[in-house]
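Here is my note for your first reading. Please keep the model open beside it and go through the points in order.

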Amino acid sequence: YIRGASNLQDLGDLSLMYLQTATLGAGSKLKRVILGNPAEGYRNAALQTLEVGASNQMLEEFDIRNLSNLTSTDLPVTSIPSLKRVYAQGSNILTARFANNGLLEEAYLPATLTQLELRNLYFLKHLELEGYSNLIDLTIENCNISSDKQIEILKAATGLKNLRITNVNWSFNTAEELLNRLVEINSTITGKIYIQNVRQTELDA
């Protein structure tokens, strides 16, 4: 318990305290929360209860790196549009839904992620997952993510089942290259897709 928590903007680096519970709802003015640590060998499996949410409307930076035993596997930032930077590598997070029309600039996410939802994130500069093979559901709507990055994710997410992505501007050498990837995916794609080489049999299909 921290007296006057509602006036605090920064709690400093809490990672080396190896907390078991972090309930941060009272910190309505918090701008930075550092519970994780990127150092080699660091791991905190003790912290299971993490509560961050609607009352933390000024939060800009959130670090849960290498917190590997969180009870809730949803990244708790859906209702925080002020969030700019998220570091969640090495955590056991499964679902990440960021605030619609939020200020997110950077997101570093774990390989455990199965669902990722990005909507109207116009300030997004960097998105990175430690691995994409577990990703099942992906939504990207009106986000500042390059075509190369979108295609990189599409190719790397070999387990993808559901895809929604808007305003694409993709280019593929052949139609087969695209179709082979999308044939087993329930997909909704809007925008422009350029196929450089198309065989007559593909036009007739």
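1. Start with a definition: two strands pair if DSSP finds at least two bridges between them. Helices (H or I, at least four residues) and strands (E, at least two) are DSSP runs, numbered from the N terminus. With that in hand, look at β12 and β13 (residues 186-197), which pair in the parallel sense over ten bridges. In β13, I195 is the bridge partner of F172.

2. A word on the source. This is a predicted model: local features need pLDDT of at least 70, side-chain atom pairs count only at pLDDT 80 or more, and totals for chains, interfaces and linings use all residues. Residues are numbered from 1 along each chain as its sequence is written, and side-chain values use heavy atoms, with hydrogens and water left out.

3. Now the whole sheet. Five strands form an open sheet, in the order β7-β9-β11-β12-β13, and the pairing is parallel. Which strands are the edge strands? They are β7 (95-97) and β13, each pairing on one side only. Neighbouring strands are turned by 25° against each other on average, direction ignored. Axes for such angles are lines fitted to C-alpha atoms, for helices over the stretch in contact; angles run from 0 to 180 degrees between N-to-C directions.

4. Next, the helices. α1 packs on the sheet and touches β11 and β12. Its direction makes about 100° with that of β12. α2 also packs on the sheet, touching β12 and β13, and its direction makes about 150° with that of β12. Contact here means heavy atoms within 4.5 Å.

5. Go back to β11 and β12. They run parallel, joined by four bridges. D137 has N162 in β12 as its bridge partner.

6. Look at the core. A nonpolar core is a set of buried Ala, Val, Leu, Ile, Met, Phe, Trp, Tyr and Cys residues joined through side-chain atoms within 4.5 Å. The largest one has 53 residues; F62 and L75 are among those with the most contacts inside it. β12 gives the largest share, five residues. Beyond neighbours within four places in sequence, the contacts of F62 include V33, L50 and Y87.

7. Last, check R65. It is found in the loop between β5 (61-63) and β6 (85-87). Is R65 buried or exposed? R65 is buried, because its relative accessible area is 17%, and buried means under 20%, exposed over 50%, partly exposed in between (1.4 Å probe, protein chains only). Leaving out residues up to four places away in sequence, R65 touches Y42 and Y87, among others.
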